[in-house]
Every structure is written in C-alpha cells, then in structure tokens.
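Here is a short report for a reader meeting this model for the first time. Keep the structure in view while reading.

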Amino acid sequence: MWRISRRALFWGKVLLHVAAALPIALLVLAVYRDDAGGDPVQYIIHFLGKGALNLLLLTLVVSPVAAWTKQGMLVQLRRPLGLWTFCYACLHLLAYISLDLLFAWQLLLQEVIKRPYIVVGACAWLILLALALTSFKAAQRRMGKRWQQLHYGIYPAVLLVTIHYYWSVKSEIIEPSLYILLALLLLSFRLRKFSRKV
C-alpha cells in the first residue's frame, strides 16, 4: 500500500501553515480596504473565533483519517493544527479585549457576570493554553503518561468552544447547532475507540 513519504509530509505541513496564515492576511486586507462589514469589530472577533473553531475540529479529524487511510504519519499534522488553533483563539481573545472592551478590565468583569458564554470560552482558552505549552516533544518526554491524559483535554475544549459559539449568537442558531453536531460526531469516533480498549 502507498505510504506518505517524509518529503510529502513536510510539504503538507508547509501547505498547512500557508493555509492557516492566509485567512489572517485576508482579514487584515479586508479591514484595510474597509470591507469588514458594518461592524468591523464584531466581524474581526467572529472571524477569528470561527477560525479557531474550524481548526480545532480539523485537529480532531486527523486521527480518524490517519486510521482510516492507514497513514500513521498524518498524526504529525495535529501539533501544527493545534498551535494554529491556539493562535486564532489568542487573536480572538485579544480582539475582544482590545477592540470591543478597549482594555476596560472592570467592564470585562461585568461582561463575565452578564454573559456566561465568556466564562465557557475562557475555560476553553485555558485548556488550549495548557495543550499548546505542552505540545512539544520535550514536554511529552518529561510528562510521560500524564502528557496523554492532559491532551485528552481537547475533547472538553471542543464542546466548550461549540457551546461558547452557540450561546454567543443572538440569532440564527442553525450554524452553531451544526457545529455542535459535527463536534459530537467527531467525538463519537473517539468514544468508540475508548470503548474498544475497555
């Protein structure tokens, strides 16, 4: 059976980095050209948030695809995808704090009390932070089995992010509902794998 070569995997990673960086460049261009809609601040925040969600779901897709195609080397795409997910999540958070709240920290506290979806999003961001900081091989060696246990945190993170998205929209819940269904579908693959191990 055909196997992905290291060279092909290298260029696959290059393509992944370009594909992940390109939307950010297009976002900057849209803002510069005043093509970011009637409310540019909300456009930027939602664009980056959905980017983080899409990349997080793609990260979950890698393992089932690698198993189905019997291309184990594909799992090496999970780390760059995960790091880009965290990058988008950080930009999403920064855009919210800087452009929407204008660094008004007291207002942030009021928003947290008024809007539970911010707490849910913050919890997801903290999980992604822990995963990003320990995504390197040195951390994996030091942590041993605890590393894998920690990185199972991607599963609750996916649920938290989709709930954050669902609660954050004021209308048109069809799209966030579809994201929740897709997340549950991807998580079901993992549950079946765990059940076979037990």
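Helix 2 and helix 8 meet in a left-handed crossing. The model is a predicted one. Helix 2 covers residues 40–69 and helix 8 covers residues 154–168; they pack at an angle of about 150°, and their axes lie 10 Å apart.

Which residues of the two helices make the contact? Helix 2 brings Lys 50, Leu 53, Leu 56, Leu 57, Thr 59 and Leu 60. Helix 8 answers with Ile 154, Tyr 155, Ala 157, Val 158, Val 161, Thr 162 and Tyr 165. By type, the residues of this contact split into ten nonpolar, two polar and one charged.

An α-helix has 3.6 residues a turn, so residues three or four places apart point the same way. The length of helix 8 can be checked too. With 15 residues at 1.5 Å a residue, helix 8 should span 21 Å. The C-alpha atoms at its ends are 21 Å apart, so the two values agree.

## Cysteines without a bond

How many disulfides does the structure hold? The count is zero. A disulfide is a covalent bond between the sulfur atoms of two cysteines. To count here, two cysteine sulfur atoms must lie within 2.5 Å. For Cys 90, the closest cysteine sulfur is in Cys 87, 7.0 Å away, so the pair is too far apart for a bond. For Cys 123, the closest cysteine sulfur is in Cys 90, at 15 Å, which is also too far for a bond.

## A loop with positive phi

Now to the loop between helix 3 (78–100) and helix 4 (105–114), where Leu 102 lies. Phe 103 is found in the loop between these helices as well. Leu 102 is not a glycine, yet its phi is positive, near 55°. Phe 103 is not a glycine either, and its phi is positive at about 60°.

## Accessibility

| Residue | Relative accessibility | Class |
|---|---|---|
| Leu 102 | 63% | exposed |
| Phe 103 | 44% | partly exposed |
| Cys 90 | 26% | partly exposed |
| Cys 123 | 36% | partly exposed |

Leu 102 counts as exposed because its relative accessibility is 63%, and exposed means over 50%. Phe 103, at 44%, counts as partly exposed.

How values were computed:
Residues are numbered from 1 along each chain as its sequence is written. This is a predicted model: local features need pLDDT of at least 70, side-chain atom pairs count only at pLDDT 80 or more; totals for chains, interfaces and linings use all residues. Side-chain values use heavy atoms; hydrogens and water are left out. Helices (H or I, at least four residues) and strands (E, at least two) are DSSP runs, numbered from the N terminus. Buried means under 20% relative accessible area, exposed over 50%, partly exposed in between (1.4 Å probe, protein chains only). Axes are lines fitted to C-alpha atoms, for helices over the stretch in contact, and angles run from 0 to 180 degrees between N-to-C directions. A crossing is left-handed if the near helix is turned anticlockwise from the far one by less than a right angle, and right-handed if clockwise. Contact means heavy atoms within 4.5 Å. Ala, Val, Leu, Ile, Met, Phe, Trp, Tyr, Cys and Pro count as nonpolar, Asp, Glu, Lys and Arg as charged, and the others, Gly among them, as polar. The expected span of a helix is 1.5 Å times one less than its number of residues.
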